[in-house]
Structures are given as structure tokens and as C-alpha cells.
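The following exercises concern the geometry and packing of a structure.

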Amino acid sequence: MKPLPTEPEKSRRAWAVSRKHFALNGTLADRVISLAHILGRPVRNAAGTRIGRVGDIVVRWDAGDEHPPVTGVLVKVGGALAVVQPADVTLSQTEIRLRSDARMVSRPVRGDDEVALARDVLDRQLVDTSGVQVVRAADAYLLNGPQGWELAGIDVGMLSFGRRLVTRRRACPPPDRVIDWAQLQAFVPRFTDTTTAWESAPTTAAGTAGSGLQLGRSAAQLKELRGPEVAALLADLNRQQQAQLVAMAHPSAAAEALRQLDSDHRAALLAELDDADRARLRALLRSDAR
Amino acid sequence: MTAPQPAVTEQPGRRRWTARVLALLAILGPGLIAANAGNDAGGILTYASAGAQFGYRSLFLMVLVTVALVVVQEMCSRLGVYTGEGLGGLIREQFSPRATFVAMTLLLVANAGLTVSEFAGVGAAMEIFGVSRFISVPIAAVFVWALTVLGSYSRAERLFLVLTLAFLAYPIAAFLGHPNGHEVLTNLVSPHFPASHAFLVLAVALIGTTITPYMQFYDASAVVDKHIKPADYRSERIDSVSGSIWSNIIAIFIIIATAAAIGGTGALQSAEQAAEALRPAVGPAAPALFAAGLLGASLLAASVVPLSTSYAIADAVGAPRSVSAKLRQAPLFYGIFTLQIIVGAIVALAPGNLVVLVVNAQVLNGVITPLLLTYILILANRSTVLGAAKNGPIFKAVATVCVAVVGLLSFVVLIQTVFGLG
């Protein structure tokens, strides 16, 4: 029987910004933006003329940052896509306004370790390392911190998902059940070619076994997971995600989790791994069997 | 090395036979099991109703439905194998929240209707044994719920599958019932479509019971659970296609056997009538054998159908989902499951003809099916989902025609029903 976290464990990892805090503290509300709320909102030039709408928000995974910094705003202008740097815009809950000297780049390309939140994270599965569960992102919250806008947390509440079904209000909605991004691990399409245009779909990652996904950032917290916890997470992940988790977890915990799988599942999962990871885990499984 | 010999030797022949049957069932692929489970209470009674009401005239339609079923089930298996994800999760990731909500609501309604028909099937089967539905249906509901939630379902599932083997008597009955061979062949291969509202409604019910949304969700999830890799997809495709064809061959035999026995007597009024079709094969044991098969098929699907809904919806909203989780750990998952069982059992106890209730539930499925098929078709067409394994141009054209024709039929029935035409 797989162990799932108890309610007290879940509440401990809840984000510090509660619904009440968010709703009542006007200062903080000005500094927090919901991704789902801002998507599709108008992008205006310095004169206030609408020139497009918000297509996506780009952040950069960096092992050194607990909260990935926003590195660009993708703007849909007509049928084309353009990118603008966060330093060139003012983000608010209802629109994005360009500064007078803002530079928009057409047909932008994906930079190193850059991820588009709406495309690669929203509605996708994530691993909550603290609550030891697999969650689905219903919304993402951006926070304007000392270093600028950053990805603060992911809302996994059903209420947040439900809100996206109805007409959007003018005010940014308060969070429902937000998990600090520092506690999460995301799977994103793996791009080895950094000249990939944002407009192109990630077809190279689709329908391929094993190599299509990577964990979003350094996985120190995954190393702390115990064997039964890794096993519990595996149950809710798809095959590529399972392989990534096994590869990133501590080898002894991964081996313990693998031992709890039936032989077919174990073989299928090992087949997804890189040669080095597979050999290492097989050696561990053999040594434990003796 | 020799295999260890069993220590217990009593009744060796019977024991070995049982073990072989169970072993065979254990290795049956997801496609075959899904297709077999597709011949549930709704399927059996709808096929029997087609034979009773229209004789052999629905046979050509069943050939077309078989082609559509093969196409649809193949797409679902491919989506499961290549993405490693169930349809619920895929829809959430690939469509807008509103489109996801619509899909999950449609699935919930379709499967709730189907669950009603499964409990109605239990009631109808037990009425043949002389047990009132007011006794059998509540007991079945508690039984299915407890088996699934308390985690001892897998053994019971095999028992239910063994019971459904009773329907293998239909092919024998179809031959022994002396059907008109020329008429059967003509109706199988010659395109025809009787222009009446009653036939149109039955056509949608036949589609709804054959190309069932829950089977599509079940098949995709089952290949994920079985950890079938893209490299092994060739054998999985054979399993999926052969399972679909096998299931519909049985369905065609049910129509032929029923048409030969009671064809042209009008719409089916009771399960006993449907059992008459088995009489040429098994004589006076026909009602009991039919009831056993119907009971097994109904109990099997009464658990699988609500589970399929729970998995898909919990997956789509990102809630915990596992039959091995405790109740409080997966409240949404078990809540949806329990609600469907309760509603299904209560509606099945409502006064009225159980067979009519079952067939109407299949019409509802038939109306919803093309909408959900559209999602599957879009997913299987997308290179962002399947990469090189996406639908090729020919497959895409065939699949689109299948979905469009099913959609058109459903739309016409819906319009005729709403405006009281026909």
C-alpha cells in the first residue's frame, strides 16, 4: 500500500500567502499576478494603444534560484509572436504596458533553460517533493520580488481550475491552494536545440520514449525522498516522468522503489533510462538481492 | 529445471482446467478485455433488441460499426502507449479548461447512464432466477462498491469474465437456430439502411453500446498500466484490433441468433425473450445460462464503468486517484465512484421496463460518443502529442469520416427526438 501524505503534512507545506492574507493585504496583491488571469490580457504601448495580447510568460530554470526569474513576456501580435524583456514592461493584474523605449523581438527563440509557463507548466503534472504527491498545475503565481518578477508558486486547487471555466473578473483572483515553487519539480519538454522558435510546437519531444522530458531544475530535494515515497510518486506519473524521477532520485531510494514494482513494470522503466543510470540501478538491485 | 509440482492432488483435472482458464484470462490483453467488457448488459440487450425488432437488417450497420470501433480503439491504444498517459490527463493538457470540463461532464453523464444500465442488467438477470430487482440491485451495488474500494476486485473481475463466457453460446445458437443463410449474408455485405425513426434510434443505440466512451478511456489507461512501450506497439495493436473485431463478431452472432429465434416480433420486452435465442444451443438451460452471462457482464461493467469515470476526472483535475488509496486520501476519486454506484442502483430500481431503460441508456451513449470521439481524433492527429506516431493522412481521413458519420446519425436522432419527428 503506497503511503500518501496526511492532511497535517499537506497543510504544513502550504504557501505562506493565504487567501485571507492575499485578499486583505493590498500591497501584496499589487505584487502578485495570476498567470491564468494575465493570459490573453491586452498589451499596450506607452501611449496606451493596444498592440497585442499576452501569449505566455517565460521563466528561466536556474539551479541557483529557488524561484525562477521571469525572462520574457510573449506577446501575440496579430498571428505572430514577439517577446519583450521584463525590464521593458510594467506588469499589472489587468494589462501589460510597454515602456516607451521597449524593444520587441519578432520570431523569438527559446533561450537556455527557458520555459513558457502556460505551454510547459500550466495543466501539467508536477512533483510536490514536500507533500510527496503528484499534482496538476491549475494556475501559477508570479511575485514581484527584490530581483524583479519571479515564479512564486503553483496553485493546485480545484477552485482555481474552476475559476478558469467562467468569465474572468477584472481583479486577480486570490490563490486557492498554492505550493511554493521551491517545493516543486516540473517536467518540461527537453530541447537540445536552443535556436528553437517559441512559435514552433515541441514535436521532437512528443511520442518518444524516455528522452522527451526533463526535470525543470536541479533536484536536490528529490535526492531526499525515501524509497516508499519515490514508489508512491511513480504510481501517478507517466512513463517518461517515471524514468526522470528514478534517474534523479537517490540511487538507493530509486532501487527500493523499483523493487516494489512488478517485474514487467521494472523492466519497462529501466529500459527508459540512460545506460549509466540503468547500469547503476541494476547493480544496486543485484547487490540487494544477494 | 522442472516446474514445481502441486502438493495438493485432489480433483487435478478440474483444478488444472480452472488454472488454465484463469491464466488465459490473466494474459488477455487490455484491448480484448475492454472489448469483451463492452459486451455488457447494454450491449447484449441492445443487440438482442436489434435482432428481435429488425431481424437481420442491422447486420450491415454492425459491419460499419466494427470498422469504426477498430479505428477508434487503435487510436486510444496508440495514445496510451506513446504518451504513457490516460485520456483524462491528455485532454487536460491539450485542451482549454472549458473543453476539459465539457469532456469530463460528457463522460460522467455517458458513464452514469451506462452504470444505470449495468444495474438494470443485474436486475433483469436475477429476475430470470426469480429474485426481485429490489433485492438483487441493492445487494449488487454494495457488493461491487465493497469489492472495488476494499481492494479485492481483481479476483472477482476474473470470475465475472468467466461468467461472460456464457455468451459464447450465441455463435452456436446462431448456427443451430437455422437462420436464413442467404438473408444473413445479403444483410452483412449489401449496403442498406431502413429509413425509419425507430431504426435510426436503434442505430445510434448500437453505435453507443459498441463504441462506448468508457471503453476508449479504459483502453488508453489499461495500456499505460501495462507499461507497454512504443517498441511493443505492434503486438498491442494486434490485441486492440483483434479484441474489437472479436467483440463485434459475438455481437453479430447475438443479432443473428435473436433474429432467427424471435425476429420480427417487435421491440424486445424482457430479458427472458432475449434468452430464447440461446434455446437452440442449450435447450431448457437457455434462461439460466443467459442470466448467468448477463449477471457476469453487468457486474464486471458495473465496477469498470464508474472506475473509468473516476480515474479520468481525478486525472484531469489532478486529484489523487488509486484503488489502493484509502477513502480519505482520494475523496474525489471515491466520491465520484460511489455517487455513480448509488445513482445507478437507484435509477435501475425505478418502475418501468428494464430492457427499455437499458436501450435508452445506449442511445444516450450514442449521442455523446461522437463528441468525445472528436477529442480523441484531435489528440491522435496532433504531432505535439504523438510525434511521428500521429494519424497518417489515410488513417486521419478514415477516422474523420467515422466520427462525422456517427456524429451525423446522433444529431439526426437528437433533432427528431427533441422536435418529436419520425
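**Exercise 1.** In this predicted model, determine how the axes of helix α6 (residues 97–128) of chain B and helix α12 (residues 213–225) of chain B are placed relative to each other, and which residues make the contact.

*Solution.* Step 1: the axes of α6(B) and α12(B) come within 9 Å. Step 2: their crossing angle is roughly 110°. Step 3: angles of 65 to 115 degrees count as roughly perpendicular, and α6(B) is therefore roughly perpendicular to α12(B). Step 4: on the side of α6(B), the contact is made by B:L107, B:A110, B:N111 and B:L114. The residues of α12(B) that take part are B:P213, B:Y214 and B:F217.

**Exercise 2.** Characterise chain B by its secondary structure, its burial and the sequence separation of its contacts.

*Solution.* Step 1: count the elements; chain B has 20 helices and zero strands. Step 2: turn to burial; of the 422 residues in chain B, 56% are buried. Step 3: consider the contacts in chain B with a separation of 6 or more; 86% of them join residues 24 or more positions apart.

**Exercise 3.** Identify the residues that touch the most other members of the largest nonpolar core, and state where this core draws its residues.

*Solution.* Step 1: the largest nonpolar core holds 217 residues, and A:L117 and B:I376 touch the most other members. Step 2: helix α16 (residues 286–317) of chain B provides the largest share of this core, 21 residues. Step 3: in chain A, domain 1 (13–186) and domain 2 (219–289) each supply at least three residues to the core. Step 4: examine B:I376, setting aside its neighbours within four places in sequence; its contacts are then B:V72, B:M75, B:C76, B:L87 and B:Q216. As general background, nonpolar side chains tend to be buried together in soluble globular proteins.

**Exercise 4.** Trace the strand pairings in chain A from β3 through β4 and β5 to β8.

*Solution.* Step 1: strand β3 (residues 50–60) of chain A runs antiparallel to strand β4 (residues 70–77) of chain A, and six bridges join them. Within this pairing, A:R53 has A:K76 as its bridge partner. Step 2: β4(A) also pairs with strand β5 (residues 80–84) of chain A, in the antiparallel sense and over five bridges. Here A:K76 stands opposite A:L81, and A:V73 stands opposite A:V84. Step 3: β4(A) and β5(A) form a hairpin with two residues between them. In its turn, A:G78 has a positive phi of about 65°. Step 4: β5(A) is joined to strand β8 (residues 104–106) of chain A by three bridges, and the two run antiparallel. In this pairing A:V83 is opposite A:V105.

Terms used. Residues are numbered from 1 along each chain as its sequence is written. Chains are lettered from A and ligands numbered from 1 in the order in which they are written. This is a predicted model: local features need pLDDT of at least 70, side-chain atom pairs count only at pLDDT 80 or more; totals for chains, interfaces and linings use all residues. A nonpolar core is a set of buried Ala, Val, Leu, Ile, Met, Phe, Trp, Tyr and Cys residues joined through C-beta atoms within 7 Å. A residue is buried if 20 or more other C-beta atoms lie within 10 Å of its own, exposed if 12 or fewer, and partly exposed in between; C-beta atoms are placed from the backbone. Helices (H or I, at least four residues) and strands (E, at least two) are DSSP runs, numbered from the N terminus. Domain bounds come from an automatic or database domain assignment. Two residues are in contact if their C-beta atoms, placed from the backbone, lie within 7 Å. Two strands pair if DSSP finds at least two bridges between them. Axes are lines fitted to C-alpha atoms, for helices over the stretch in contact, and angles run from 0 to 180 degrees between N-to-C directions. Angles under 35 degrees count as roughly parallel, over 145 as roughly antiparallel, 65 to 115 as roughly perpendicular and the rest as oblique.
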